[in-house]
Amino acid sequence: MALPVAEWQARTARLWAALDPALRERLAAASLHDAVQLGCDLLRSEEEEEAALVRLCHRARTDKDPEAASWYREQGNREFQRGHYQAALRLYSKAASHELPGSPEVSVCFANRSAALLHLGHFEVCLEDIARAESHGYPDKLLPKVLLRKAECLLCLERLQEAQDILGVLESKIALNGVMTTHLTRLKKLSQLKVKLGEKERCPEPAQETRGGIQGEPEIWEENSRISGASSSLSLRFDAERGRHLVASQDIVPGQSLVKEEAFVSVLCPGESLPLQDGDTAWDTRATKADLYCHRCLRQLLASVPCQGCSYAKYCSQDCADVAWQQYHRTECSLGALLLTLGVFCHVALRTVLLAGFAEVSRLVENLQNPEARCKPLSDAGAGSRGIPGCGSNGRYQSSYQALFHLLPHTEQHSPEHKFLCTLSVVAICKQLQAAGLETAVLNQESPQQWSKPKTCEKTSDELSPELRTVAEAMLRHVLQLQCNAQAITVMQELGPGDGDVVDKKPVRLATAFFPVLSLLNHSCCPNTSVSFSGTAATVRASQPISSGQEVLHCYGPHWCRMRVAERQQLLSQYFFECRCQACIEELELGVKSVVSIRNSFCCPKCQAHMQGEEDTLCCSNEACATSASRDHLSGRLQDLQQQIKKALDLLRVGKADQAIKMLLKCQMDAGTFLSPEHLLMGEMEDHLAQVYATLGKWQEAARHLKKSIEIVEMHHGPSSVETGHELFKLAQILFNGFAVSEALSTIQRAEGILSVHFGPQSAQIQELKEMKACLSELPRNILQRT
């Protein structure tokens with residue numbers, strides 16, 4: 001979660017309520033500098049609060065635990081024996097993350113994981129794990145089976161000479177062992193491998209031709225001389241009403257890249273885990289985002305490299321682990337439980353100052369405290385960008401700590417209670433930094449040779465050093481900035497079991513990040529851009545034509561197609577502005593009825609006309625009918641319906657497709673009696689039915705239902721929306737698998753056109769569509785003519 005755990009929020013709320021009113025008034029009006037000082041004084045005198053925080057941290061287990069490692073390894077062995085290799089892979093990774101560095105059990109975890117990787121066909125990664133097992137002292141008596149596995153991988157990868165060399169080593173090891181009977185099975189498999197190896201040498205397979213022309217054309221890109229990571233088609237502007245913002249300096253076409261920016265800082269959102277009760281000895285076997293993605297670059301993990309100091313941080317490679325350690329994790333490692341307890345925003349704030357370095361943090365904090373610097377007038381950018389906050393002395397706006405530091409924290413507009421929570425949280429982190437002997441690491445006073453592992457020493461003083469107070473002030477500023485400037489990095493995650501033929505995906509929040517250039521984009525409920533992510537990099541593309549002089553706008557979350565204006569305005573209140581975009585003005589001032597209200601409405605159970613009304617009782621819009629119904633009653637029916645749909649999907653997950661179909665069809669009939677035919681839930685049910693029929697290989701039925709879903713999605717989101725693009729992608733997969741060649745080709749073309757605008761020609765979905773198209777185009781002409 002972004003904010004601290006609920007128990008810490010509740011404790012700080014009670015502490016705030018118990019404060020003397022005069023002190024509350026002082027805290028509410030205090031500058032960030034003074035707030036940190038007051039927070040230090042309060043937390044020093046509230047030993048009970050510090051003790052409570054320590055107790056909360058015990059619930060977030062981030063230290064090494066050999067007992068947990070043994071348990072996870074046993075669970076992995078069970079899954080492996082059942083043939084559930086993907087589950088075994090995850091469990092062996094969990095086991096490896098809990099093993100103590102240098103223990104022989106670590107090598108066993110890597111060796112076991114290599115076996116799962118071999119069965120899953122990940123030969124290169126299997127070889128990496130075998131190398132890890134060997135480097136961590138894998139027992140010599142067990143080495144023959146690992147070498148045999150290595151030879152199998154090399155054989156599958158066509159690395160014949162290397163495979164033959166390994167087999168020679170393996171033969172000598174078995175011969176030297178002396179007890180040949182214990183290796184009969186292995187010898188038999190070895191002889192089979194040698195036969196395969198000989199066959200491959202005699203009859204080498206022709207090299208597979210790589211498909212030509214699959215990769216999309218590289219995008220034309222000219223970087224802006226005044227804004228790093230931005231296109232030359234943009235200009236930076238400033239005025240009192242809109243603040244810093246970007247406008248088109250020339251006409252822009254849909255799909256054109258406008259911003260390509262690497263996050264200054266990002267922190268993986270840990271995901272949910274099962275809470276452990278007192279006395280509970282079982283560990284959670286579920287895979288969360290913390291298990292599935294690299295904690296530094298956010299790539300999807302296959303065989304994670306665990307941190308040597310904690311069980312939490314996991315990386316895609318040793319290189320990523322080493323870079324993370326040098327840049328920030330050497331400080332964060334021993335604070336893992338505290339950072340998980342105090343939330344992602346506090347974690348982002350700490351990592352931000354660690355990446356920036358104390359010298360730069362101190363310089364900017366001191367400048368902010370300088371009245372002359374604080375009162376420096378801001379010029380209108382029509383005459384240049386030198387006066388715009390965040391720009392350097394040369395007038396260039398860079399994706400830098402200086403630009404990030406000058407994002408508005410809205411200190412005066414946050415509630416006093418929220419500022420109090422944030423203040424105590426960042427002070428608690430800085431006190432722990434000092435207590436753990438990590439202050440010098442934070443201040444960059446150690447040489448790289450001393451970074452091998454964090455120091456631990458007894459706390460010498462309850463008083464924070466002046467340097468750590470500076471760090472706390474910067475961190476408090478960043479936590480407050482994040483409410484308006486945090487960017488959610490999202491990833492498309494697969495839903496349901498999937499059979500490999502049709503993959504259903506939805507966007508999920510993967511990490512929270514600071515993007516200084518992306519933060520220049522103001523909000524609109526009907527934006528003219530689309531944002532996509534690849535690892536820690538964001539790309540902004542035009543989603544519609546943008547004329548020269550027009551502002552470039554991004555949606556902060558509440559889109560006009562997805563919720564009513566009142567709900568949007570409520571959500572946007574966290575950003576401390578009132579949205580005046582075209583969609584909001586039309587609904588608020590011109591009385592235009594929200595499409596969400598119309599299409600997602602209830603319908604009359606008698607005549608199926610729309611039900612209307614703002615009160616508890618809804619009336620039929622057909623005057624001749626005059627039927628009325630309770631809003632609460634209809635809302636209750638909607639909730640029951642959603643529960644039935646969830647049960648149907650649960651049946652599909654356990655392989656009961658026929659029962660899932662019956663339940664979904666029953667849900668459809670029930671929905672038709674009280675929901676508008678255009679209701680989004682009606683489209684979702686059609687989508688679910690398509691998914692079930694695709695699982696059964698009934699492609700025509702699946703396509704029929706998905707086309708109905710697409711009609712409803714287009715009504716809500718528009719024919720060129722990303723939602724429509726995703727649905728067309730699924731339809732292309734179904735038509736491809738159903739051998740409906742002509743219709744598949746036309747659907748692929750339409751899906752390509754939409755998705756390339758939102759994600760670019762190099763995206764994974766576009767490449768898959770191109771591969772499908774190439775495959776269909778290579779079919780014999782007589783087959784193409786018949787379809």
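Is Ser-628 buried, partly exposed or exposed, and what is its relative accessibility? In this predicted model, Ser-628 has a relative accessibility of 46% and therefore counts as partly exposed. The residue belongs to strand E15, which covers residues 628–630. Its C-alpha atom is 9.4 Å from that of Pro-605, although 23 residues separate Ser-628 and Pro-605 in sequence.

**The annotated coiled-coil region and the charged patch**

An unreviewed UniProt entry annotates residues 631–658 as a "coiled-coil region". In the model, the chain over residues 631–658 is 89% helix and 0% strand. Helix H25, made of residues 631–653, contains Asp-632. With a relative accessible area of 58%, Asp-632 is exposed, because the cut-off for that class is over 50%. Asp-632 also takes part in a surface patch of negative charge, together with Glu-614, Glu-615 and Asp-616.

**The annotated MYND-type domain**

The unreviewed UniProt entry also carries the annotation "domain: MYND-type", which covers residues 294–333. This span is 38% helix and 10% strand, and its end C-alpha atoms lie 15 Å apart. Leu-298 is placed in the loop between helix H12 (289–292) and strand E5 (305–306). Its relative accessibility is 5%, so Leu-298 counts as buried.

A salt bridge joins the side chains of Lys-314 and Asp-291, with an N to O distance of 3.5 Å. The two partners come from distant parts of the chain: Lys-314 is in strand E6 (residues 314–315), Asp-291 is in helix H12, and they are 23 residues apart. Both Lys-314 and Asp-291 are buried.

Most residues other than glycine have a negative phi. Leu-298 has a positive value, with phi near 70 degrees. Glu-158 likewise has a positive phi, near 65 degrees. Glu-158 sits in the loop between helix H9 (143–156) and helix H10 (160–177). Whereas Leu-298 is buried, Glu-158 is partly exposed, with a relative accessible area of 42%.

**Salt bridges**

How many salt bridges does a search of the whole structure find? The search finds 31.

| Pair | N to O distance | Accessibility class |
|---|---|---|
| Glu-162 and Arg-159 | 2.9 Å | Glu-162 partly exposed, Arg-159 partly exposed |
| Lys-314 and Asp-291 | 3.5 Å | both buried |
| Lys-707 and Glu-743 | 2.5 Å | Lys-707 partly exposed, Glu-743 partly exposed |

In the pair formed by Glu-162 and Arg-159, the side chains meet at 2.9 Å, N to O. Glu-162 has a relative accessible area of 37% and is partly exposed. Arg-159 is also partly exposed, with a relative accessible area of 28%.

The salt bridge between Lys-707 and Glu-743 has its closest N and O atoms 2.5 Å apart. Lys-707 lies in helix H28 (residues 699–717) and Glu-743 lies in helix H30 (residues 741–759), so the pair ties together parts of the chain that are 36 residues apart in sequence. Why does Lys-707 count as partly exposed? Its relative accessible area is 33%, which falls between the limits of under 20% for buried and over 50% for exposed. Glu-743 is likewise partly exposed, at 31% relative accessibility.

Salt bridges also link residues into a network, whose members are Arg-113, Glu-128, Asp-129 and Arg-132.

**A pair distant in sequence**

Where is Asp-34 found? Asp-34 is part of helix H3, which covers residues 32–45. At 39% relative accessibility, the residue counts as partly exposed. Asp-34 and Glu-473 are 439 residues apart in sequence, while the distance between their C-alpha atoms is 8.9 Å.

Key
Residues are numbered from 1 along each chain as its sequence is written. This is a predicted model: local features need pLDDT of at least 70, side-chain atom pairs count only at pLDDT 80 or more; totals for chains, interfaces and linings use all residues. Side-chain values use heavy atoms; hydrogens and water are left out. UniProt positions are given in the numbering used here, feature names are shortened, and annotations may be inferred rather than shown by experiment. Helices (H or I, at least four residues) and strands (E, at least two) are DSSP runs, numbered from the N terminus. Patches are made of residues with over 30% relative accessible area and no salt bridge: like charges are joined within 9 Å, nonpolar side chains (Val, Leu, Ile, Met, Phe, Trp, Tyr) within 5 Å. Accessible areas come from the Shrake-Rupley method with a 1.4 Å probe; for residues, only the protein chains shown count as cover. A salt bridge is a side-chain nitrogen of Lys or Arg within 4 Å of a carboxyl oxygen of Asp or Glu. Lys and Arg count as positive and Asp and Glu as negative; His and the chain ends are not counted. The place of a charge is taken as NZ of Lys, CZ of Arg, CG of Asp or CD of Glu. Buried means under 20% relative accessible area, exposed over 50%, partly exposed in between (1.4 Å probe, protein chains only).
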